[in-house]
Amino acid sequence: MASESFVVTGGKSFQGNLVAQGAKNEALQVICAVLLTPEKVIISNIPDIIDVRNLIGLIEGLGVKVERLGQEEYAFQADEIDLGFFASQEFQQNAQKIRGSVLLIGPILAR
């Protein structure tokens, strides 16, 4: 049996713009990506649906500053993350409302 692996090489900066299509699954992934940086991130074309609102509530609980700039535009700043929130009853209850909560794991581990 052959084993396969991915090699991840870090230390490279990332910057630029990404045009999101506004689909729910893409929006959830892009919102979770704000956890990768302490810098302010502005995301447009975010659909106003329950799953998105629930995920935004979860990242606010983690300490991410969230500002609604317009109907489909938000600013996020994850400069003070509270990892203890993951162990809270509030997180446990709210994370069960959205399958996309598992998307928080990757950015937190990468950070």
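Helices (H or I, at least four residues) and strands (E, at least two) are DSSP runs, numbered from the N terminus. The model is predicted: local features need pLDDT of at least 70, side-chain atom pairs count only at pLDDT 80 or more, and totals for chains, interfaces and linings use all residues. Residues are numbered from 1 along each chain as its sequence is written, and side-chain values use heavy atoms, with hydrogens and water left out.

**Figure 1. Overview of the secondary structure and of the confidence of the model.** Four helices and three strands make up the secondary structure of the protein. Along the sequence these elements follow the pattern α-β-α-β-β-α-α. The average pLDDT (the predictor's confidence in each residue, from 0 to 100) is 86 for the protein, and 86% of the residues score at least 70. Among the elements, S3 has the highest mean pLDDT (97) and helix H1 (residues 24-32) the lowest (86). Where pLDDT is low, the predicted coordinates should not be read in detail. Of the 111 residues, 28% count as buried; buried means under 20% relative accessible area, exposed over 50%, and partly exposed in between (1.4 Å probe, protein chains only).

**Figure 2. The hairpin of S2 and S3.** Strand S2 (residues 65-70) pairs with strand S3 (residues 73-77) in the antiparallel sense, over five bridges; two strands count as paired if DSSP finds at least two bridges between them. Two residues lie between S2 and S3 in this hairpin. Val66 stands opposite Phe76, a residue of S3.

Figure 3. A pair of aromatic rings is described by the distance of the centres and the angle of the planes. Rings of Phe, Tyr and Trp (its six-membered ring) pair if their centres lie within 6.5 Å; planes under 30 degrees apart count as stacked, over 60 as edge-to-face and the rest as tilted. Three aromatic pairs are found in a search of the whole structure. One of them is the stacked pair of Tyr74 and Phe76, with 5.9 Å from centre to centre and 25° between the planes. Both Tyr74 and Phe76 are buried. The pair of Phe86 and Phe91 is edge-to-face, because the ring centres are 4.9 Å apart and the planes stand at 80°. Phe86 is partly exposed, with a relative accessible area of 22%, whereas Phe91 counts as buried at 9%. Phe85, Phe86 and Phe91 together form one aromatic cluster.

**Figure 4. A nonpolar surface patch that includes Val102.** Val102, Leu103, Ile105 and Leu109 make a nonpolar surface patch of about 380 Å². Patches are made of residues with over 30% relative accessible area and no salt bridge, where like charges are joined within 9 Å and nonpolar side chains (Val, Leu, Ile, Met, Phe, Trp, Tyr) within 5 Å. A salt bridge is a side-chain nitrogen of Lys or Arg within 4 Å of a carboxyl oxygen of Asp or Glu. Accessible areas come from the Shrake-Rupley method with a 1.4 Å probe, and for residues only the protein chains shown count as cover. Val102 lies in the loop between helix H3 (89-95) and helix H4 (105-110). Its relative accessibility is 52%, so Val102 counts as exposed.

Figure 5. Asn45 is placed in the loop between strand S1 (40-43) and helix H2 (50-61). Although Asn45 is not a glycine, its phi is positive, at about 65°. Asn45 counts as partly exposed, at 32% relative accessibility. Glu90 belongs to helix H3 and is partly exposed, with a relative accessible area of 47%. From C-alpha to C-alpha, Glu90 and Leu58 are 9.0 Å apart in space, and 32 residues separate their positions in sequence.
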